[in-house]
Each structure stands twice: as C-alpha cells, then as structure tokens.
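Biologist: I'd like to learn how to read a model like this one. Could you take me through it, one feature at a time?

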Amino acid sequence: MIKLVCPECRRENEPERIYCHDCGARLDRSALAKAPQTEEDPNATHKRVKAMFDPGRALMKKRFFDYSKLILAAVAVAAIVQMIRSPDLPEKPKAPMLPVQISLDLENATTTPGSPQLRYSDEQINQYLGYSLKSKQTALSSYLNFERAVVAFEQDLCRLTVERSMSGFSVYTSTAFSMAVQDGTLTVKNRGGAIGRMPVHPLLMQYSGLLFSDLAVVVERERKSVAKLASVEFQPKLVVLTPR
Ligand SMILES: [Zn+2]
C-alpha cells in the first residue's frame, strides 16, 4: 500500500489523507498519481477508512486509558492506606513492668562455662525492650520519635515491628528475619517485612537496614553476646539461647 510521507514531519500517512495526521501539513498527493496503481480489495479499503475515522474506536481507546489511570490511582491509594494502617500489636503496657535481666543472663551465659539454656517468651523480650529502650530514647529519636519495638517469634523466624511517631501520627515498619550463630558470627537473614500493613518484598527489605539501624546500635551489646552462644533458635512465641 502506498503511504504519503509528510514533507514536514516524515510521518507516513494513509493515502486517503489530505493533511498530515500528526502535524497537519498538506500532503503531496502527486506521489499517488505517479505510483503504480496497486489493486486493493474495495472491502479492505472501506474497513481501513472506517477505522481511521471511527469515533467509537477513539473513544474506546480514551476510556481504556482513563480506566487504567483510575485503577493505578486506586492501587496507589490502597497501598498508602495499607502503609498507614497499624499492624496487630499487643497493647502498650500501662506501667513499665520490671523486665527479666536479659543482658545479665546473656553475660553469664557467655562467660560462665556450663551455663543453662536461656528461654524467653516474646512477651519477656518485649518487656525487656520496652524497659531498656526507654532509657536510650535520644539515640533512637534522630528522625522520628521512637515509640517502641515489639518482637513476635515464630518457627525459625522473628518479626520485629518498630513504631515511630511524628506529631502524634504513628508509622510502623516491620521486618522478619532468621538468625544463625556459627563460630562467633551472628548471621541475620531478612525474610521480608512491611510498612504498616503493606508487605515489602524480602529483596527490597535487604536495603531497609537504615530503618532499623538506630535500634541495632542500641542493642549492640546484646547482639555481641548472642554471637558468642552456641545457637539461637526461634520457636512459636519463644526464643531458645544455648550457651557453648
Ligand atoms: Zn506531518
């Protein structure tokens, strides 16, 4: 089929056009007369021309893009709603309870040979975190006010949620990780996470260290002690620490 090349913008136009579809320049239709006439099925020509000027088709295209934009906007709004929704967390304790002396236990477990195995429920760890992080508020509140850190233990997995606030509005970031100790080295492997209730893929969570780096600094002493143990094992609602 002969195309009419626009002298202005070089767009190839259908032979029926007089003006360029893109820029509106007048097309040189003399090229058509010079070109050898090729046979085209009159039905095909009819269909082609109809499609070219069919307002329904253009409208459908426009509607499709309008709906697509609407759906994208809805997805974005849904993601934001999920991000600002708070995850299921235990109630904040009214008065700070006296926590178990976990750092002391850890110290003993790493220094005294033949120390017994340490077993803590996630509730106990949360009490400990609540108590010990309170005193380290300033180190934690460089960007947003640190509210609390809450852990939940599952089989081979620890979920950590940190609540931070900005002018009374809470932001929750969660990370799930597994832990292994080998020859004095603690390996933490990310297994996913969430912002509010919106899940974040583990691959992305690898780069989220910054979100929890302030907390990591604050529990550095405990982290070092755990690295000296023989093993750390997460079980449903329980962490089992075995000294060497
Ligand atoms: Zn043109």
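Modeller: Strands are DSSP runs of E with at least two residues, helices are runs of H or I with at least four, and both are numbered from the N terminus. Two strands pair if DSSP finds at least two bridges between them. One case here is G193, whose bridge partner in β8 is V200.

Before we go on: this is a predicted model, where local features need pLDDT of at least 70 and side-chain atom pairs count only at pLDDT 80 or more, while totals for chains, interfaces and linings use all residues. Residues are numbered from 1 along each chain as its sequence is written, and side-chain values use heavy atoms, leaving out hydrogens and water.

Biologist: Which helix touches β6, β7 and β8?

Modeller: Contact means heavy atoms within 4.5 Å. Axes are lines fitted to C-alpha atoms, for helices over the stretch in contact, and angles run from 0 to 180 degrees between N-to-C directions. Helix α3 (residues 55–84) packs on the sheet by touching those strands, and its direction makes about 90° with that of β8. Helix α9 (residues 220–227) also packs there, touching β6 and β7, at about 125° to the direction of β7.

Biologist: In what order do the strands of that open sheet run?

Modeller: The order is β4-β5-β6-β7-β8, with antiparallel pairing. At the edges, β4 (145–154) and β8 (198–200) each pair on one side only.

Biologist: Now the metal. Which residues are the protein donors of the zinc ion?

Modeller: Donors are N, O and S atoms within 2.8 Å of the metal (3.2 Å for Na, K and Ca); water is not among the atoms, so sites may look incomplete. Here the SG atoms of C6, C9, C20 and C23 lie 2.2 to 2.4 Å from the zinc ion. Along the chain, the donors follow the spacing C-x2-C-x10-C-x2-C. C6 sits in the loop between β1 (4–5) and β2 (12–13), and C20 in the loop between β2 and α1 (30–34), so the pair links distant parts of the chain, 14 residues apart.

Biologist: Is C20 buried or exposed?

Modeller: Buried means under 20% relative accessible area, exposed over 50%, and partly exposed in between (1.4 Å probe, protein chains only). C20 counts as buried because its relative accessibility is 5%.

Biologist: And how many disulfides are there?

Modeller: A disulfide is taken as a pair of cysteine sulfur atoms within 2.5 Å. The count comes to 0 disulfides.
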